[in-house]
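Here are my notes on the two-chain model. They run from chain totals to single contacts.

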Amino acid sequence: MKKVYIKSFHTLSALSEAPELRKYISPIEARRMSSIMKKIVVTSSEALSKAGLECPDAIIAGTGLGCVENTEALLMALTGASGLPLRPTDFMQSTHNTIASLIAIRTRCHGYNVTYSHHFLSFESALMDGWMRIALGRSRSALVIAAEETSEVLSMMLAKVGYGNEAVSDTAVSIVLSDSPEGALCELESVTLLPPSEGTKCITRDSIAAKYGENLCVTALGACDEIEKIASGESKGVVIFNSSPLKEGCATIKLAALCGGN
Amino acid sequence: MTEAPYKGRIVVTGAGVVSAVGVGKAQTLQSLRAGRSGLDAVRYLETNRKEFPVGEVKLSDAEMLSMLGIDPSVPVTRTILLGALALKEALEESGLEELSRIPLINGTTVGGMDRSERYYRDFISDRPDHSEYIALHDCGTTTDRIGAFAVSGKPGKMPFAYATTISTACSSAANALILGADIIRSGAAEAVVAGGAECLSSFHLNGFDTLMIVDRQQCRPFDATRAGLNLGEGAAFLVIESEESARRRGAKVLAVLSGCGNACDAFHQTATSADGEGPYLAMKQALEEAGLKPEDIDFVSAHGTGTPNNDSSESAAIRRIFGSDVPPVASFKSYTGHTTSASGSIEAVFALLQLQEDLIPVSLGFSQADPECLIPYTGGPHRALRHILSNAFGFGGNDSSLILSRV
């Protein structure tokens, strides 16, 4: 099995300044894109350019609820709640894989392309696949995406079933994995959908959500903070443990400094 | 990572399927042998669009609850019920016992949409009515519940090591099998249960109709008069494992998953390129991984949805792979309707049955050749089936191919 390295990342969260969209997307393209799609174009363009890659070998996305704006518009039209007709664009963009597909079209990437949608473990599912593909030598690089869109209606619905509705916000994260340590920020030692071994000191989902607000893919933001700390020499390595009282399953990500330090 | 990668063969030791042509493998085989389509008028879906023929599983939700021994007051969705029926059959056949070491990978896109569309006006109101279905809406919860209900008939804890969900539209289940194979290759698990489940919903029936690709007559894959797809529903799961693990447990090997390919057409969100670049790359990769030449393939189970665009670009891609020597090709969409996210695993189970019975079901709905398309198999002698190439292509250009081989 090969070692897997993190080459670059870019995030947009509740704490980020709004990006200058014109730099990335023409006004004509922007008209058909939902807010989360625009954000993912920004984070993916930035992460790929920092990694010096035009077209990664694989594009792997994770999103628990996909393009919420389009899905809601279609449901409102379908149930007569909006009084509007169904729009084909809403249907096309309501499938969760529309995000990874858009990035593939923009980068002309014909390689492996998959989208995971497993509630709060969508990001880790995507990261696990990317890590495994590179470890097995099936891809040399992978763009891993985490995306969640929010809306007022969704916050209200989630509050009804026990999620906090206080600080939800769109989240877009793009991370580039590679089999080469050259210029890498850190090593991605492992990703599993299992708990860490007993007694392991971990960064938890709750501590990350305290900083960014609750969001299905909030651990992707926490992971990027830890990657930064390792790259700057502030940390030697970390274990991130993701679990939630509201759904089944958990995930463990292990990050480590490059051998010999930075 | 301490596990060593596994380099041996990946075999299938259990399979379960439900679709419009049957509940379980025995009924399915009877329909395929008889050339009997499951397409019919809408019977179970709550819709005012009764003009479309559909491939519904011929069971009401209440009947499925009873077959699974689920308390009828427990909230479920139709996708969960279909998935649990198929998963139960697959697990029983495999004889797997220690599920706590086995991952479950499901492919779905619609998830709990059938209930969400029924109760959406309650969801968005300040009334609490039907809010128990909000938590069942998403794809991941659908997978967790399929795992729990199939094993215990209860919504409680999932019995598997972990679960995850792939959502690449109509190639979701094929990609679930591809991930499963990689997990076995990585050494992280010796066996994986993978497949997909999807019920019909107005959300995607009416959604596909906005793209003007739903036919009001029975679909006619590869025919000159084809005018779109019919939607179907169903589920299928396969137990795949390392050959060593199957031998050690004394499990019966049903087939070999000998190759997989995944590529992106990177052309358009919903249309396929004219030369079928994504489909071509997916089939090429699957052949390379299996170590097979195109002439080794005895049957191509086409994605063949019956839309003008899919069938011509898939034909172009198949011709690029096979040249002038194209093996028999047919699409099951005229039997089951397009079972969307579940189609990849449903048709993988059909391939198992075909290998076992040396059977190529006749293409239904074909009468007039289209110069842009291949002519599908309509009967006559064929080579003994050793290797079947099965295609599943999705929106977003998510194209996947699997090769299943006789043991």
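1. Burial in chain B. Buried residues make up 64% of the 407 residues in chain B. A residue is buried if 20 or more other C-beta atoms lie within 10 Å of its own, exposed if 12 or fewer, and partly exposed in between, with C-beta atoms placed from the backbone. This is a predicted model: local features need pLDDT of at least 70, side-chain atom pairs count only at pLDDT 80 or more, and totals for chains, interfaces and linings use all residues. Residues are numbered from 1 along each chain as its sequence is written, while chains are lettered from A and ligands numbered from 1 in the order in which they are written.

2. Chain B has 12 helices and 11 strands. Helices (H or I, at least four residues) and strands (E, at least two) are DSSP runs, numbered from the N terminus. The radius of gyration of chain B is 20 Å, close to the 22 Å that the globule rule gives for 407 residues, so chain B is as compact as a globular protein of that length. That radius is taken over C-alpha atoms, and the rule is 2.2 Å times the number of residues to the power 0.38. The C-alpha trace of chain B spans about 60 × 55 × 40 Å along its principal axes. Take the contacts in chain B between residues at least 6 apart in sequence: 79% join residues at least 24 apart. Two residues are in contact if their C-beta atoms, placed from the backbone, lie within 7 Å.

3. Chain A has 9 helices and 9 strands. Its radius of gyration is 18 Å, close to the 18 Å from the globule rule for 262 residues, so chain A is as compact as a globular protein of that length. Its C-alpha atoms fill a box of roughly 60 × 40 × 30 Å, taken along the principal axes. Of the 262 residues of chain A, 55% count as buried. For contacts in chain A with a separation of 6 or more, 77% come from residues 24 or more positions apart.

4. The interface. How many residues of chain A are in contact with chain B? The count is 50 residues of chain A against 56 residues of chain B. On the chain A side, the elements giving two or more residues are helices H3 (68-78), H4 (88-92), H5 (98-107), H6 (122-135) and H7 (152-160), plus strand S3 (112-116). That side divides into 26 nonpolar, 17 polar and 7 charged residues. Ala, Val, Leu, Ile, Met, Phe, Trp, Tyr, Cys and Pro count as nonpolar, Asp, Glu, Lys and Arg as charged, and the others, Gly among them, as polar.

5. Helix H7 of chain B. In H7(B) (residues 202-210), 7 of the 9 residues are buried, so this helix is largely enclosed by the rest of the structure. B:Phe203, B:His204 and B:Phe208 are among them. The cover includes H3 and H4 of chain A together with helix H4 (113-123) of chain B. B:Met212 follows H7(B) and has a positive phi, near 60°.

6. Helix H4 of chain B. Buried residues here include B:Met113, B:Arg115, B:Glu117 and B:Tyr120. The buried residues of H4(B) pack against H3 and H7 of chain A, together with helix H3 (78-94) and H7 of chain B.

7. H1 and H12 of chain B. The axes of H1(B) (residues 25-34) and H12(B) (residues 343-357) come within 11 Å and cross at roughly 70°. Axes are lines fitted to C-alpha atoms, for helices over the stretch in contact, and angles run from 0 to 180 degrees between N-to-C directions. The two helices are therefore roughly perpendicular to each other. Angles under 35 degrees count as roughly parallel, over 145 as roughly antiparallel, 65 to 115 as roughly perpendicular and the rest as oblique. B:Lys25, B:Thr28, B:Leu29 and B:Leu32 in H1(B) meet B:Val349, B:Phe350, B:Leu353 and B:Glu357 in H12(B). By class, this contact has 5 nonpolar, 1 polar and 2 charged residues.

8. A loop proline. B:Pro328 lies in the loop between helix H10 (308-322) and strand S9 (329-331) of chain B. Buried or exposed? B:Pro328 counts as buried, with 21 C-beta neighbours inside 10 Å. Leaving out residues up to four places away in sequence, B:Pro328 touches B:Phe299, B:Ile360, B:Tyr377 and B:His382. The C-alpha atoms of B:Pro328 and B:His382 are separated by 7.8 Å, and these residues are 54 apart along the chain.
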